Structures are given as C-alpha cells and as structure tokens.
Amino acid sequence: MVKQLEKIKLLAVTHHSRKNINPIRPEASQIIGLHRSGKVDVTVLCNPDSTLIPFLEKEGIEVLTNPLDEKLSWHTIKKIRSLLVARKIQVLHLFNNIACSNGATAALGVDVKVIAYRGQTGNMSRWDPSCYLTMLHPRLDKIICVAKAVEEDLKKYIWGKKSKVVTVYKGHDQSWYQKSPADLSGLNLDDDSFKLSLVANLRPRKGLHVLMDAIPLLPEDLNIDVLLVGADPSSDKVQEMIARSGRPDRVHALGYREDAPEVAAASDLTVLPTTKREGLCRAVLEANSYGIPAIVSDTGGNAELVANGETGIVVAPGNAKELADAILKLYNDRILCKQFGKKAKLRAIEKFNVEQGVNATLEVYKDLLKLT
C-alpha cells in the first residue's frame, strides 16, 4: 500500500573536520536542500569539531554531536539507537564509513530505513570482514553511489538484490565559484605560458607520476607551466617526481591551498591522471565550474564528469603518451580548449547541480518508505 507523503524524519550522520575549500561540502548542501524542500524533518549527528555545524545551524537544522572517531563505538551506537527510537526516525543516512559501521549496527532491530554513501571504486572484498561493517553490512537498505562507475563496481560485491545500489550525483552550486582566479604573480610565471594544474591530495593513485612521465614526451620548446596543488614542496618524493619531469623549473609544487579552485581557475587546463579507485572528483568539477576544461583518466566516475571530445579529454589510466598527446592537442588549439571549458561549465550546471542531487535523494527516500 502506498502512503501519502508526510514530512520524512531523517537522521543524517556525517564526520568532517578539515577546513573547507568550498563554503560547504556537497553533502552538506544536499542535507540543507532536503531541509529547504519542506518534505524532510532533518536532524544531523556529526563530530563536535565539524566545520559544517555553523552552515547547518544557520539553516535552522538541529545539530547533535558525538566524537564519531571509532569504527565501532558502543557509546556512538547507543547514541544513534536512542535517537532512532526516541524520534521515530524513518530514514538513517550515513555519509562515511565510521557513520556506516556504527549507524547500521545501531539500526539492528529498529524499524528504520538505512542508507549508506559510497564515494569511490575499489577497496572492497567479500573476503574482508571489515567490509561487512560498511558497504556489505546486512542492515543496509540502500547504498547511494556518487557515480555510475562506483555503482557498477560495488554491485560486483553485493549479496542479494543488486537494486539496493543506486547513483546520485553530488550537487555543486555555481555561487561557490564566483571568486577571481588566484594571483600567481609570486611564482614568476611567463605571462604567455600555458598553465596546467593538478589539484589533488597526492597519494600515488592520483597519478602524479603519470603526469611527470608525460611532460618529457612534449616538445622541448613548449611554453608550459605545471601547478601542483596539494604537493608538499618540502617532500623529497615530490621533488624526485618533479625532477622526473625533465623540466623542474617549470613544475611548481604549491602545497595545500585553501584557494585550490581559484588556482585551477587561473590555469588553462586541469588534469587528473588517476590510476585507480576514483569517484566523482570534486577538483575537476570545481575547475569545470570556472570554465576550465579537464583531461582525466578513464577510471571511476571521471568519464562521467568529462564528455570525451566535447568538454575535455578522457585518456587511458597510466598512459603517459596518451596524456601528453591530449595536453599537446589543447596546447596547440587554444580555441578548442576554451570551447571545451565553456561546455564543461554548462555540463556542471546542468548535470551536477544541487537541485538534481536533492530531488534524486528524496526519490530514494520516498521509494524506500513507499510514499507518493
């Protein structure tokens, strides 16, 4: 029997302590959007030092806190369970692994629909007991993935109904991207150089080594500068990578920067040569939102972000030659590069906006609760 839609009682559990580059993370904008819809009664449980708290409270959302710092914490499980029962919560939405392991366990025996969030491909096995505390937890009713590629990857490991795994694209708001491009004058770059940015927490899988192997394959007379946001200039490994490029004077490690999106906005092109385990890369969406096109590798949701040959270029993971050819193509055709950037911005606005993410999430809630 289909019920009439009433205000859905939601408990969202999330953990975030890093200072935000964007005013709010996409997950927070989604929670706020659900609250603003008037169709969801939202309560948020997060860590006490979460940087999202003032943004949520400003919207009139009730925020409760818990350390949320252990994979399994009796105190956290008891806290979540008491909230589920006392507030007659209908939907428990868990936004990270700690939230999932504690929240799904707390929901055992409680009449509530439980939803987890999955943000990347890989690192999943039916033979790993820890996976049964997160994505393979038997209490999960639905898993919302950030990209179709993540959904298809996770379905390979799910027992039973594969339909419990769905995709909802995270929403970005164009109001986040109204600042001026970063001032790069302190780097003493050539004004006419073609500026290439890579914005990432530079773990090995993010493919810095692929980019550094691609640079020597470019013609020697190219006037190009490479901006590495997130690369610690004091790191010996980073310096070894820069030396590997053959052009250490044109590769600039900028370290962590709170204006990373604006650095991307000051470049001509952004790249993300990830080798594995990618989701829906925020850095690419940020660059696209400023009208900067991207070259990405075909892993995870990257190829869903970039329409190959329309808004950017998709290359094979780990293929330095393909990456170099793609860079050279846009270096030699600046008009095409700018056209890609304009279309990439439109794609971000039309396909990856906050509204679509909120509406799709609301439909997941209604479907689980059998509401009209």
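A: What follows goes through the salt bridges one by one, with the strands and neighbours around them.

The model is predicted. A search of the whole structure finds 15 salt bridges.

Start with Glu 62 and Arg 87. These two form a salt bridge, and their closest N and O atoms are 2.7 Å apart. Glu 62 belongs to strand E3 (residues 62-65), while Arg 87 is in the loop between helix H3 (74-86) and strand E4 (91-94), so the pair ties together parts 25 residues apart in sequence. Both partners are partly exposed: Glu 62 has 36% relative accessibility, and Arg 87 has 30%.

Now the sheet that holds E3. The sheet is open, has seven strands and uses parallel pairing. Its order is E3-E2-E1-E4-E5-E6-E7. E3 and strand E7 (165-167) stand at the edges with a single partner strand each, so one side of each has no neighbour in the sheet. From one strand to the next, the twist averages 25 degrees. E3 pairs with strand E2 (residues 40-46) in the parallel sense, over four bridges. Within this region, Leu 45 stands opposite Leu 64 in E3. Helix H3 lies across strand E1 (8-14), E2, E3 and E4. H3 runs at about 170 degrees to E1.

The next pair is Lys 206 and Glu 278. Their side chains meet in a salt bridge at 3.1 Å, N to O. Lys 206 is in the loop between strand E8 (194-199) and helix H6 (208-214), and Glu 278 is in the loop between strand E11 (269-272) and helix H9 (282-289), so this pair ties together parts 72 residues apart in sequence. The cut-off for buried is under 20%.

Leu 272 is found in strand E11 and is buried, with a relative accessible area of 1%. The C-alpha atom of Leu 272 is 8.8 Å from that of Ser 197, although the two residues are 75 residues apart along the chain.

Glu 286 is buried, at 4% relative accessibility. Arg 282 is partly exposed, at 23% relative accessible area.

Salt bridges can also join up. Lys 148, Glu 151, Glu 152 and Lys 155 are linked in a network of them.

His 252 lies in strand E10 (residues 251-255) and is buried, at 14% relative accessibility. Its side chain reaches the backbone oxygen of Arg 250 at 3.5 Å. Beyond four places in sequence, His 252 touches Leu 189, Asp 225, Val 226, Leu 227 and Leu 228.

Definitions and conventions. Residues are numbered from 1 along each chain as its sequence is written. This is a predicted model: local features need pLDDT of at least 70, side-chain atom pairs count only at pLDDT 80 or more; totals for chains, interfaces and linings use all residues. Side-chain values use heavy atoms; hydrogens and water are left out. A salt bridge is a side-chain nitrogen of Lys or Arg within 4 Å of a carboxyl oxygen of Asp or Glu. Helices (H or I, at least four residues) and strands (E, at least two) are DSSP runs, numbered from the N terminus. Buried means under 20% relative accessible area, exposed over 50%, partly exposed in between (1.4 Å probe, protein chains only). A polar contact is a pair of N or O atoms within 3.5 Å; within protein, one must be able to donate a hydrogen and the other to accept it, and residues adjacent in sequence count only if both atoms are side-chain atoms. Contact means heavy atoms within 4.5 Å. Two strands pair if DSSP finds at least two bridges between them. Axes are lines fitted to C-alpha atoms, for helices over the stretch in contact, and angles run from 0 to 180 degrees between N-to-C directions.
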